[in-house]
Amino acid sequence: MTLLLSIFVISAATIAYEILLMRLFSIIQWHHYAYFVISLALLGFGASGTYLSLAQSWLRSRFEMAFAGSASLFGVFALGSFSLAQRVPFNPLALVWDPIQFLYITLIYLILTLPFFCASLCIGLALRFNRQRLSRIYAFDLAGAGLGASGVVAILFLVPAEMALRVTAVAGVVAGAIACAGFVHLRSRATILTICALALGVGWPDSWIEPQLSEYKGLSHALRLPDAEVVSQHSSPLGSLTVVRNSTIPFRYAPGLSLNSIHPPPDQLAVYSDGDAPGAITKFAGDTAPLAYLDDQTQALPYQLVEHPKVLVLGAGGGADVLLALYHQAKSIDAVELNPQMVELVNLTHGEFAGRIFQPPATNTHLAEARSFAATSKEFFDLVVVSLLDSFTAATAGVHALSETTLYTVEALHDFHARLAPNGILAITRWLKLPPRDSLKLFATAIRALETSDISDPGSQLAIIRGWKTSTLLIKNGAFSESEIDAIRKFCESRSFDIGYIPGMRAEEANRRNVFEEAHLYKGAKALLGPERTDFLDSYKFNVTPATDDRPFFFHFFKWHLIADVLDHPLVGPQLAEWGYLIVAATLAQALVIGAVLIVLPLVRTKRPASGLSGIQRIGLAGYFLALGLAFLFIEIAFMQRFTLFLGHPLYAAAVVLSSFLFFAGVGSGVSTVWIDRIAGRSPHLSPVVMAVGGIIIFALIHLWALPPLLSELQTLSAPLKVVLGIAFIAPLAFFMGMPFPLGLSWVGKRAPYWIPWAWGLNGCASVVSAVLAVLLAIHFGFSTVVLIATLIYVLAAVLMTAMDRHYKSQSRVVT
């Protein structure tokens, strides 16, 4: 039992460590490194299987020491690898034109793979040398991982990610101590390892694991200025918030402020989320006169069209949009903010400075996700505001290219538009990039959203303007009147902004003040509203096809022909190529190469042709376990995206989906042996794998077609009830998904146990590829297609197992 408990603990620590690395890399670099970390973890699993395949004879007599030692080394490498990886001078911005960056990213790969290699080796050793308990071992592995996925989220609410890293390291060494306690010859070392675990957790220097931010992130720039100081810092799974003050060089945050403006911003504190996405907490004492500068930004446009509106601010941040509404004497203000720590900063920590603007009577503040609030609210508003929810640096560099967001999809704009009162306005402000991307994609998305509401002339309800750094799109619940169109012209003229599109606009009105090489916005808007829309979307330099909830990659603007521009213009290349996509594509290429080596190496080095399986059977075995690794991750990642909108935050979705899939897959694994016995007894010609895959297909297809409308109908339920329902929806599918792997291992264990480690490694190698490939497929075809592909892969796995079993039986009869 101690072996199973040790497996449970090391599995929990491993998944927790994986999630922590995703959180830490979001701070150090950017969000898309989550896929990089997933590949790291699964690469370690694949490498451990290859090593175990090659060294199993040597490890057999050293099983106890190897198992306990690997668990303990996980703890050491969990801290050591992260400390070393931060010191590799990797610059992702130079990846395209500087070949040495590939060497650096490979070095990071190898360093961070070590803890996952050790953890996976523990599980592989247990599977190889405890064949009689294969299903129970795999069940405890999955159950531990499920607990780790949910437990680490809870820990992150209590301590920063770097402190939680210590906890996972200690857990690894404790797992080794538990194993020693169960091994007769190693019991004396259990106490020693326990002491070592405590020493590791307490003694590792803070400076070695403190996140070292990329020099290209906003917080790094701010802290390089003279006299900059951090005045407060808050951390949670929702993000790390850092507030910076500079008395010598005052911080001024007024995105896209008109060059004609004569109104300076008041004193401000800079607020950075995960070291980037800068916002500001503006000094406010009740007098709105110092807020006049806010009226000289593009996002002030809707207040020229609606007097004293009832306002809904989606993504309140530091409160700039709330202050703008207060300046224009809004009738009422409702502010929605996802991160409670941001509200705490404005109301409490810096409440005296900020005027506690998130408290009544100034504002009704709601802690919620924007889409969830829009879907559940029954109120209607004269003005709905969504402004600049990411940083200019990140946006222009393309680091969000692989980030899913449900704020700028066709369905999102439809939901926001549905909250408008008659003649109300939805105003969305985005950073302006050249050539235009966000603004044109948002305009195309707005057109599609209006068309889904059966509006025959969407152009009559749209207007877009731009300054030198921002653009603001207006979507009206009704057609713009002539007086409103004149007001837009006067607003732009007085502030030297440019009109991108208004109903009835003449070509000579475009590109007059902040002059570009050509009138991109006007020409693009006219093409998108006209019959040449499809041709424009195909021929435009960037991908500006509208995003949807099934393909929620609004920031994916990449087209492959941009590679030539990158090579021709290396200094501005990343801004043109959206390099976040290239990072993930490079990760996939590396994963394919390394995975192929790890798969082939045991075959080349094996000197036992009579090790139980023929060449054809080995091919079938490889196909079967590769298929399982691909399909499982495909479905898991697709469900994380699907439940993000339902549960209101990607973090909660990841915790619920991961823990539910892993726990109930563990339950399925635990009963798979009983499943085999019952099926074999009642129906000897019916394959247990076929039965398990049949269950997977049935529930996957049910989820594919029935789940989206069902989740939409249940959106108004309370958060705890939605979590319970989410678990219930996942449980049946996960139960069946946990069966094929232990069933396959049992088949191998009875006929050719020599190949168990290779099968374990194959599954890990496939998972390396699938974690990245699933996202790339979703970008181009949608998450629904990813689920469909996964079901077909499961069918292929069932076919391979059936054929392999028949071939083995026929071969056995021939030998007999």
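Buried, in this tour, means under 20% relative accessible area, exposed means over 50%, and partly exposed lies in between, with a 1.4 Å probe and protein chains only. Helices (H or I, at least four residues) and strands (E, at least two) are DSSP runs, numbered from the N terminus.

The model is predicted, and local features need pLDDT of at least 70, side-chain atom pairs count only at pLDDT 80 or more, and totals for chains, interfaces and linings use all residues. Residues are numbered from 1 along each chain as its sequence is written, and side-chain values use heavy atoms, with hydrogens and water left out.

**The whole protein**

Begin with everything displayed. The protein has 29 helices and 12 strands, and 62% of its 816 residues are buried. Its accessible surface, by the Shrake-Rupley method with a 1.4 Å probe and with only the protein chains shown counting as cover for residues, comes to about 30,800 Å². Carbon and sulfur atoms hold 63% of that surface. A contact here means heavy atoms within 4.5 Å. Of the contacts with a separation of 6 or more, 77% are between residues 24 or more positions apart.

**Helix 23**

Select residues 615-647, which form helix 23. Of its 33 residues, 27 are buried, so the helix is mostly covered under the 20% limit. The expected span of a helix is 1.5 Å times one less than its number of residues. For helix 23 this gives 48 Å, and the end C-alpha atoms are 48 Å apart, which agrees. Move on to Gly-648, just after the helix, where phi is positive at about 90 degrees.

**A nonpolar patch**

Next select Phe-157, Leu-158 and Tyr-652, which make a nonpolar surface patch of about 330 Å². Patches consist of residues with over 30% relative accessible area and no salt bridge; like charges are joined within 9 Å, and nonpolar side chains (Val, Leu, Ile, Met, Phe, Trp, Tyr) within 5 Å. Leu-158 sits in the loop between helix 5 (134-156) and helix 6 (161-182). Its relative accessibility is 72%, and Leu-158 therefore counts as exposed.

Select residues 228-236 for strand 1 and 239-246 for strand 2. Two strands pair if DSSP finds at least two bridges between them. Strand 1 and strand 2 pair in the antiparallel sense over 8 bridges, and they form a hairpin with 2 residues between them. Within this pairing, Ser-232 has Val-243 of strand 2 as its bridge partner. Leu-241 stands opposite Ser-273 of strand 3. Strand 2 is mostly covered, with 7 of its 8 residues buried.

Show the side chains of Arg-245 and Glu-229. A salt bridge is a side-chain nitrogen of Lys or Arg within 4 Å of a carboxyl oxygen of Asp or Glu. Arg-245 and Glu-229 meet in one, at 3.2 Å from N to O. Arg-245 lies in strand 2 and Glu-229 in strand 1, 16 residues apart. Arg-245 is partly exposed at 39% relative accessibility, and Glu-229 is partly exposed at 37%.

**Further salt bridges**

The structure holds 19 salt bridges. Select Glu-508 and Arg-506, whose closest N and O atoms are 3.2 Å apart. Glu-508 is exposed, with a relative accessible area of 54%, whereas Arg-506 is partly exposed at 45%. Then select Glu-518 and Lys-523, which meet in a salt bridge at 3.5 Å, N to O. Glu-518 is partly exposed at 34%, as is Lys-523 at 48%. Salt bridges that share partners also join Asp-486, Arg-489, Arg-506, Glu-508 and Glu-509 into one network.

**Strands 5 and 6**

Select residues 310-314, which form strand 5; 4 of these 5 residues are buried, so the strand is largely enclosed by the rest of the structure. Lys-310 stands opposite Ser-332 of strand 6.

**Lys-559**

Finish at Lys-559, in the loop between helix 19 (533-539) and helix 20 (562-568). Lys-559 is buried, with a relative accessible area of 16%. Not counting residues up to four places away in sequence, Lys-559 touches Leu-537, Asp-538, Ser-539, Tyr-540, Lys-541, Phe-542 and Asn-543. The C-alpha atoms of Lys-559 and Asn-543 are separated by 6.3 Å, although these residues lie 16 apart along the chain.
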